[in-house]
Amino acid sequence: MEYYQKNKHRFKRYPQDLFEKLEFDKVLQLLSEKCQSSLGKEHVERMRVMTDPAKIEQLLTEVNEFKQLIMDEEQSFPLDNYLSLREELGFLEVENTVLNEEQVFRLYKVLEAANTLLRYFQFNADRQEKYPNLFKLLDGVKVSRELLHQIKEVIDKDGKVRSDASKELISIRKSISQRYKELDRQFVQSLREYKNNNWLADSVESIRNGRRVLAVLAEYKRKIRGIIHDESKTGSIAYIEPDVTLQINNDLVGLQLAEKREIYRILQVLTQYIRPYKNDIQEYQTLLGIFDFIHAKAQLAWDMDAHLPHISREKKIELFNARHPLLFLKNKALKKKTVPLSFELSLANRILLVSGPNAGGKSVMLKTVGLLQLMLQSGLLVPLNDHSFMTIFQQIFVDIGDEQSIENDLSTYSSRLRNMHHFIEEANAKTLLLMDEFGSGTDPALGGAIAEAVLEHLNQKFCYGVVTTHYSNLKVYASETTGIFNGCMTFDYKTLSPKYILETGKPGSSFAFELAVKSGMSETIIKKAKSKVDTQYQQFDELLTTLQREKSAAEEKVRQAAKKEEAYKKLLEEYEVKKRDLELKRKKIILETEEKALAELQASNKKFENLVKELKENKGEKQTIQKIKKEIQKDRVRLSNSIEILKDNIYYKDTEKAVAEGDFVRLRTGREVGEVTEFRKNKCIVQFDSLKTLVKTKELVVVEPIKKKQKAGYNFYNSVERKSQFENSIDIRGQRRVEALKAVEDLIDEGLMYNADELKVIHGIGDGILRRSIRDMLRTYKAVKSVRDEDPQYGGAGVSIIELG
């Protein structure tokens, strides 16, 4: 199974230590540490940067699925016994070689691990559907049950040949066990006898040359028959194998040799059985290595918060919240935040020229772009948002760091010129260029000119890239040239510290003088330095600084506006919640009212039925009628009291201001303003123009004072004139309910002012809704004595006659 296929187009990198410059080697080291076995580590060593988008997408999808698997069910995934069988497979290649017990046991563990892995997916349809690319890796793989069974019949759980592996081995091991028992019996008997004779040392026995021996004092060694195997350093103790156990030990040696010969024979037969499966075993081992490798990549992605971006075939890069993986892991350990990077490259804007202060994050940004590209094309998930877009390059060229060499007689600028020459010769539209401090290392005027010419040539080749610089001529060139655009690393001009945030669309200042102030350099030196700078250059740099300050101020205003907008949204949400609550309460009140009315109606019906029953039984018609009147009167009083209580709670509770003599007031149900002239308990006399009326205090609302009009000729003549013009009827047909009720209120107020006895409201018959609404409202007026329909010949139920009293 070949996991890495050969690239259709060979990936080119420059320089050769590109991985070290972009710290990709450190990422590979972290990946290797995540592997469970040497099999996975070998895959890490064989990793290469690929250029085939389809293969890259396949590898990335496998890692992404495994990452999801880790999140869902990591504890259940089998990761044991991922062993390398290089030695065992080598033995199987050579005819007539025999695997030993340990080698067979290791082979069995690998077979069992592969079988467990297969069962993990094959007997779970949900996993097959959820992780289809991982399941696809198992296509065509099948572990022989017969092979597993055959090995299990020979090797026990401790990796030793089972006693029942053959009848001969059973017999041999049984004889060995019996002879050991006899040996132990004879030895203990001799030891007891010689110990009683005080011929033995304090440590009565020992082991010498694999034999159990007695520790005999030197003066008694000739009294014991047997073989001397050893003696102590001082010669005071002799270690003797007694003759009664000698023959038994010799028998045991013979039996043990027979056991070895039988084990060898059994393993020889088993090896011959295993040998035809060597290619399958190689496949199982490779499969386990691949899963170990993918698991390690998924674990690393989990640690780095890495995701699968979209792979663009249109040479488009859109990075959202990208982070340098090593910096992210470092800050994560320190519980610090890593500032993310977001920008876009496209066919229209292929090369990003980044400027800004030193130590502002330009080089880290450059390395982040290069490192993420290498990770992606090596099949690793990258730390950025999953809605980002990345593309595939066939070449990555970088110029980062100082490459001066004494051995090669190469200065800093010479090395940069060499790199520029390589870029000019080899770069094309499928190349990603990463150049740090472009053009530096020589006279700024000359270096800037050369850098501009090189940049123009690379732009014409439609290369993609990120370039950092301090040169003003390159910033101007980028702003005027199609295909190249400016960007800057932002700087907090208040604290004179970098923000490490990339902003595209404008160049940035180097903040050289500001940083010099922060470093403590004297103001005199800084003033002299400013005087020596070309005026036009200084104006350009000051313009960039000013623009950045203004942008920061504008961004602060936007942030404040966003905070206010968020607060307004919150208030609106609270309002909507309260509105819904009020509406719910309103509906509940209506429901309760309807239910109460229904209950009262049912009670009234019950009473009525009882009274009718009494009438039918002729218990006294007159008395029954009187009783009905009393009941009706009682209910009317009860309802009137209930209505009064509700009105007090709804309309008169928590009055805004207590009414006092001299206050200007209006009726709660009207608009005409009058003056309180006198109090009488809970009532007061109110002067409405020339009309005085006695009103309950709770029905009045205090209003703002109004200017009194001149009395001359007003009280009588104007009042008479206005009263003569008063119309005691109103036609509200065709009006909306609210408008109609308001018009009736105004009519009643004027009627009361001019002491009208009767008012007429023409509302029409229709479905009776407006008529009922008007009459419901009129019940709230104490001044309304009665309401009746007009005579049929003058309108009947379509006209209401209001009698005031």
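The following exercises, each with a worked solution, concern selected features of a predicted model.

Residues are numbered from 1 along each chain as its sequence is written, and side-chain values use heavy atoms, with hydrogens and water left out. In this predicted model, local features need pLDDT of at least 70 and side-chain atom pairs count only at pLDDT 80 or more, while totals for chains, interfaces and linings use all residues.

**Exercise 1. Two helices in contact**

Determine how helix 5 and helix 12 are oriented to each other, and which residues meet.

Solution. Step one is to locate the elements: helix 5 covers residues 86-93 and helix 12 covers residues 278-304. Helices (H or I, at least four residues) and strands (E, at least two) are DSSP runs, numbered from the N terminus.

Step two is the geometry. The two helices pack at an angle of about 165°, and their axes are 10 Å apart. Axes are lines fitted to C-alpha atoms, for helices over the stretch in contact, and angles run from 0 to 180 degrees between N-to-C directions. Helix 5 and helix 12 are therefore roughly antiparallel (angles under 35 degrees count as roughly parallel, over 145 as roughly antiparallel, 65 to 115 as roughly perpendicular and the rest as oblique).

Step three is the contact (heavy atoms within 4.5 Å). Helix 5 contributes Arg86, Leu89, Leu92 and Glu93, which meet Lys278, Ile281, Gln282 and Gln285 of helix 12. By class, the residues of this contact are three nonpolar, two polar and three charged. Here Ala, Val, Leu, Ile, Met, Phe, Trp, Tyr, Cys and Pro count as nonpolar, Asp, Glu, Lys and Arg as charged, and the others, Gly among them, as polar.

**Exercise 2. A salt bridge of Arg86**

Identify the residue with which Arg86 forms a salt bridge, and state where both residues lie.

Solution. The criterion comes first: a side-chain nitrogen of Lys or Arg lies within 4 Å of a carboxyl oxygen of Asp or Glu. The side chain of Arg86 meets that of Glu42, at 2.9 Å from N to O. Arg86 belongs to helix 5 and Glu42 to helix 3 (residues 38-45), so the pair, 44 residues apart, links distant parts of the chain. In the whole structure, 31 salt bridges are found.

**Exercise 3. A hairpin**

Describe how strand 4 and strand 5 pair and what connects them.

Solution. Strand 4 (residues 226-231) pairs with strand 5 (residues 237-242) in the antiparallel sense, over five bridges; pairing requires that DSSP finds at least two bridges between two strands. One of the bridges joins Glu231 to Ala238 in strand 5. The two strands form a hairpin with five residues between them, and Gly235 in the turn has a positive phi of about 80°.
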